[in-house]
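I opened the model and kept notes as I went. Here is what I looked up, in the order I looked.

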Amino acid sequence: TRQGETQPAARGLPRLHTVSHSEWLALSERAVEPNGYYLPDWELAVDASARDRSNVLALGARTAQRGLVGLLPVISAWRAWKIPLPVLVSADPYGDLSTPLIDGDAPEEAARMLLKQARNSGAHAVVLRHAVPDGAELGEEGLRLGQRGHARDFALLGRLRGQPGGA
């Protein structure tokens, strides 16, 4: 392992291939904004075989009642851009859409849980590299998929340090 490859932002996150296939597929069918690039068969095939693009991590949100309610494949900012920051970045090696899978029946809860898991892993931000500019509204914390202008590349930014109003 080269210096800087293991970033604190990825501490304790599970590998994507460990996510339950059936729960993942069910979530993709309930998602507030579907994303074909994050369907389990496609993303797992990419994760298993894409050169220099495998071993992706998973930000996941689950509830006792609904199971998996949110999922975002991620990598560290170091891996994405060789920038040593405590930031997680959407893992979308072949896709042009990094909208996370968020349960349409619990979008705010799922978004909060994804950001909490990111914060617990050491991340200060989550960056979506490609998001729909007019994407789904995700909650009272001001989370929004798809911001205008340059901010659209930073679509899911939460206050991950626990400040008032943060996730």
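What share of the contacts in the chain with a separation of 6 or more comes from residues 24 or more positions apart? I found 70%; a contact means heavy atoms within 4.5 Å.

**Ground rules.** This is a predicted model, where local features need pLDDT of at least 70, side-chain atom pairs count only at pLDDT 80 or more, and totals for chains, interfaces and linings use all residues. Residues are numbered from 1 along each chain as its sequence is written, and side-chain values use heavy atoms, with hydrogens and water left out.

**Confidence.** I checked pLDDT next, the predictor's confidence in each residue, from 0 to 100. The chain averages 77, and 72% of the residues score at least 70. Over residues 1–5 the pLDDT stays under 50, and the model has five contacts there beyond four places in sequence. Residues 137–167 are also below 50 in pLDDT, with 78 contacts in the model beyond near neighbours in sequence. Where pLDDT is low, the predicted coordinates should not be read in detail.

**Layout.** I counted four helices and five strands. Helices (H or I, at least four residues) and strands (E, at least two) are DSSP runs, numbered from the N terminus. The order from the N terminus is α-α-β-β-α-β-β-α-β. Mean confidence is highest in helix H1 (residues 21–30), at 96, and lowest in S5, at 88. Of the 167 residues, 45% count as buried; buried means under 20% relative accessible area, exposed over 50%, partly exposed in between (1.4 Å probe, protein chains only).

I looked up Ser28 in helix H1. Ser28 counts as buried because its relative accessibility is 10%. A polar atom of its side chain lies 2.6 Å from the backbone oxygen of Leu25. Leaving aside neighbours within four places in sequence, Ser28 touches Leu39, Pro40 and Leu101.

Ser90 lies in strand S3 (residues 87–90). At 0% relative accessibility, Ser90 is buried. Its contacts, leaving aside neighbours within four places in sequence, include Tyr38, Leu72, Val74, Ser98 and Val127.

Ser121 sits in the loop between helix H4 (107–120) and strand S5 (125–127). At 1% relative accessibility, Ser121 is buried too. Its side chain reaches the backbone oxygen of Ala118 at 2.7 Å. I also noted Leu13, 108 residues away along the chain from Ser121, with the two C-alpha atoms separated by 6.6 Å.

**Positive phi.** I noted Asn55, which is not glycine and has a phi near 60°. Asn55 is in the loop between helix H2 (40–49) and strand S1 (57–63). It counts as partly exposed because its relative accessible area is 42%. Lys82 is not a glycine either, with a positive phi of about 60°. Lys82 is in the loop between helix H3 (77–81) and S3. At 44% relative accessibility, Lys82 is partly exposed.

**Pocket.** Which residues line the second largest pocket? I listed Asp52, Arg53, Val56, Ile75, Arg79, Ala80, Lys82, Ala91, Asp92, Pro93 and Arg129. A pocket here is an open set of points on a 1 Å grid over the protein atoms alone, where a 1.4 Å probe fits, with protein on both sides within 12 Å along at least five of seven lines; lining residues have an atom within 4 Å of a point. The lining divides into five nonpolar, no polar and six charged residues. The space in this pocket is about 190 Å³.

Conventions. Points joined across faces, edges and corners; volume = space filled by probe spheres on them. Nonpolar A, V, L, I, M, F, W, Y, C, P; charged D, E, K, R; others polar. Polar contact = N/O pair within 3.5 Å; in protein donor to acceptor, adjacent residues only side chain to side chain.
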